[in-house]
Amino acid sequence: MKRHLLTSIGILILLISCKQKETQKIEIHEQKPTTELKAETEKIVEEIPIPEQYFENDSLRILLESDLEKLALNPKFDLKTEPRINTHNETITDTVKTQTFDKTKIYSYRAKDKEWIYAAKIRSSEFKFLEFIKIGVNKKTLENILKSELETDLVKIGDLENTSVFIFTFENDTLKTIDYQGWVD
């Protein structure tokens, strides 16, 4: 009986130690390389919400969109086009246009009879909006136009549905970027 009990304890100890080794092996295999950890850290940093001010102002937004459409006609831009199948009618091929000048890009969607700008990234001080707003201006310039104090470095001007929005990013009270996010069906 003692022999049977000692054998059973020995087998139990052996099984437990084997399971621990298997668990350790699994943990070692599941470790991620440092490059993946760095990428995850960067994603977490990007997801930190930045305080913003949103101004629902259709008349100002329409004026900004008008200036953006005029800007897209500037011959300084290099044009790249790409065909795209229409989502509503697969027999029609539309065009996605990307216009680039320096660090500035304008993206538009051209259907058979109309063209819509759906995104823009303005990074050059050569382009003005409302005659006064351009990269490098002081935050006070936008405050004067909005007739409101800007309390954050991220200011959005858009419509009620948030489908057409201009995003102004400031750094040390100086305008660094102007982005546009539109919507195309």
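Which residues of helix H4 (residues 139-146) are buried? In this helix the buried residues are Lys-139, Leu-142, Glu-143 and Leu-146, where buried means under 20% relative accessible area, exposed over 50% and partly exposed in between, with a 1.4 Å probe and protein chains only. These residues lie on the same side of H4 because they cover an arc of only 105° around the axis; the arc is taken from the directions from the helix axis to the C-beta atoms. Helices (H or I, at least four residues) and strands (E, at least two) are DSSP runs, numbered from the N terminus.

The model is predicted: local features need pLDDT of at least 70, side-chain atom pairs count only at pLDDT 80 or more, and totals for chains, interfaces and linings use all residues. Residues are numbered from 1 along each chain as its sequence is written, and side-chain values use heavy atoms, with hydrogens and water left out.

The buried residues of H4 pack against strand S1 (53-56), helix H3 (58-72), strand S6 (154-158) and strand S7 (165-171), a contact being heavy atoms within 4.5 Å. Lys-140 and Asn-144 are exposed, on the face of H4 turned away from its buried side. At the N-terminal end, H4 is capped by Asn-138, with a side-chain oxygen 2.9 Å from the backbone nitrogen of Lys-140. A polar contact is a pair of N or O atoms within 3.5 Å; within protein, one must be able to donate a hydrogen and the other to accept it, and residues adjacent in sequence count only if both atoms are side-chain atoms. The charged end of Lys-139 sits over the ring of Phe-170, 5.6 Å from its centre; this requires NZ of Lys or CZ of Arg within 6 Å of the ring centre and within 35 degrees of the ring normal.

Strand S1 has a covered face, formed by Gln-53 and Phe-55, and an uncovered one, formed by Tyr-54 and Glu-56. S1 and S6 run parallel and are joined by four bridges; two strands pair if DSSP finds at least two bridges between them. Val-155 in S6 is the bridge partner of Gln-53.

Six aromatic pairs were counted. Rings of Phe, Tyr and Trp (its six-membered ring) pair if their centres lie within 6.5 Å; planes under 30 degrees apart count as stacked, over 60 as edge-to-face and the rest as tilted. Phe-77 and Phe-127 form a stacked pair, 5.4 Å centre to centre with 15° between the planes. Phe-77 lies in the loop between H3 and strand S2 (78-85) and Phe-127 in the loop between strand S5 (115-122) and H4, so the pair ties together parts that are 50 residues apart in sequence. Both Phe-77 and Phe-127 are buried. Ring pairs link Phe-77, Phe-101 and Phe-127 into a cluster.

Gln-99, in strand S3 (residues 93-101), is buried at 9% relative accessibility. The side chain of Gln-99 reaches the backbone oxygen of Ala-72 at 2.7 Å.

Most residues other than glycine have a negative phi. Asp-102, in the loop between S3 and S4, has a positive phi near 55° and is exposed at 57% relative accessibility. Leu-130, in the loop between S5 and H4, also has a positive phi, of about 55°, but is buried with a relative accessible area of 18%.
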